[in-house]
Every structure is written in C-alpha cells, then in structure tokens.
Amino acid sequence: MMESKMSQYASRSPVLVACDRRAGAAATLRPWWAALVAGLGMVSALAAGGPGGGIYSCVDASGKRHTSDRPIPECLDREQRVLNRDGSQRQVLPPRMNAEERAAEEERQRQRAQAEAARKDAIRRDRNLMLRYPNEAAHQRAREAALDDLRKAIASSERQVAQLQDERKGLQAETEFYKGKRLPPKLKSQLDANEAQQQAQRDIILNQQAEMGRINAFYDTELTRLRKLWAGAAPGSIEADPPGMAASAGR
C-alpha cells in the first residue's frame, strides 16, 4: 500500500505537489486569519473614537471639562463639541430641551414656516400681477371694466326712480279730490308702495356708488404696487398689502 502511494506521488508533477501543500496550509490558517482581521477592525473602530467615530467634549455646569467617545450625560443641558482625532471640530450637538423649551422651539419653527410661506405667496402674487398687467394702460382697462357694470346698474336704478316719480305725480293728482278727507285705502297703498320702491332704488344707487369707491381704492393701491414693480422692485419685496387685496389678487 505504501509503495502504491509513493509511486502515485512520484508520478505527479512537483508543481502539483507544491500547490497541494500550499492549499492545505491556507485551509489550516484561514480561521486564524479571519479572527485576526476582525480583531484589527475592532481596534481601528475604538481608536477612531467609539461607535460614532468622534470625541465628545464639553464643560459641565460646575466648570469641569469632560471628554468621552460618546455623548456625555453631564452635558445634556448644553452644547457638546464632537472632534475628529486630529482635534478639528466635526460638529456641535445642541443641548437637549425640556418640554417647555421644545414647545417654544416648535412655535418658533412654525412662525418661521408661516413667514416663509407668506414670502413665497407674495412673490407669486406679484409675478401674477405683472403678468396680468404689463403696463398702466392694461391696468386702466381692467379698472374701467370692473366699474362698467356698476355704472350700468346705477343708471338702471336712476331710470326706475324717474319712472316712479312720474307715477307718483299722477297719484298725487288724485289726492286733490280728497282734500280734508280720508284717502281711499287703495290710493294710500299705491302711494306707500311707490315711496318704498323709490327708497329701495335709492339704496341700490348708494350701495353701487360705495362699491365703485371701494373698487377705485383697490385699483389705486394696486397701481401703486405695480408702479414699483414696473420700476424694478423685486417681487415679494414690497410692503404687505392692505386687507382684502391678497384675496382678490388671484382674480
């Protein structure tokens, strides 16, 4: 048997025999090598400054300086510097907040978000305004169009009043036959109805005139803003609009 194995090895190439021996040695060393690599990795991680790879440093409330490879409990109420191994600063951890401080910070963030949203909205509205009215002539046409319906409504009410006044003249003429007497119920009812209708039309005229005043004031304010934008003011940089203007800017 021994002779058979010897003859088998003798028949193989010396190169193949050497390769077999090296493969066997590598298989024997592989577990040791893996353990060594893992150990070196752990050492490297620890040398880098703990799990986070940084060095935490702070001075607590009593003035004592602390250094650690992780956040320092004594300094949770104050900033902690996180340093690299060469001493350069990597970041600063803010102090942890209590419930009241957290609520105050959330309120500040909410207000900042609202201010930013208002700023973006003002920019959007100013850009839309300039697109809608590239010049003063376009703006004036829009003003006239907005006033036109009101003017027509006022003219219609004035015609109604004139007709009612003519009708009242005829009713007043009938009352001459009843001087010193009580007016017939029908005639009195007609007179009362005529007066009520005239008053209703006068109220409509007053309301339409007031609305014309509001529209003109709105367009005056809008024109002042547009003139600044046309002159080169950045959208969103002009003072806040008066109440009601923002709501109608999207019309």
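Reply: A salt bridge is a side-chain nitrogen of Lys or Arg within 4 Å of a carboxyl oxygen of Asp or Glu. This is a predicted model, in which local features need pLDDT of at least 70 and side-chain atom pairs count only at pLDDT 80 or more, while totals for chains, interfaces and linings use all residues. Residues are numbered from 1 along each chain as its sequence is written, and side-chain values use heavy atoms, with hydrogens and water left out.

Me: What makes Glu-211 and Arg-214 a salt bridge?
Reply: Their side chains meet at 2.6 Å, N to O, and the limit is 4 Å, so the pair qualifies. Both residues lie in helix 5, 3 residues apart, about one turn of the helix.

Me: Why is Glu-211 called partly exposed?
Reply: Buried means under 20% relative accessible area, exposed over 50%, and partly exposed in between (1.4 Å probe, protein chains only). Glu-211 has 28% relative accessibility, so the residue counts as partly exposed.

Me: What does the salt bridge between Lys-228 and Glu-239 tie together?
Reply: The closest N and O atoms of Lys-228 and Glu-239 are 3.1 Å apart. Lys-228 lies in helix 5 and Glu-239 in the loop between helix 5 and helix 6 (245-248), so the pair ties together parts 11 residues apart in sequence.

Me: Why does Tyr-219 count as buried?
Reply: Tyr-219 counts as buried because its relative accessibility is 5%. Phe-218, at 16%, is buried as well.

Conventions. Helices (H or I, at least four residues) and strands (E, at least two) are DSSP runs, numbered from the N terminus.
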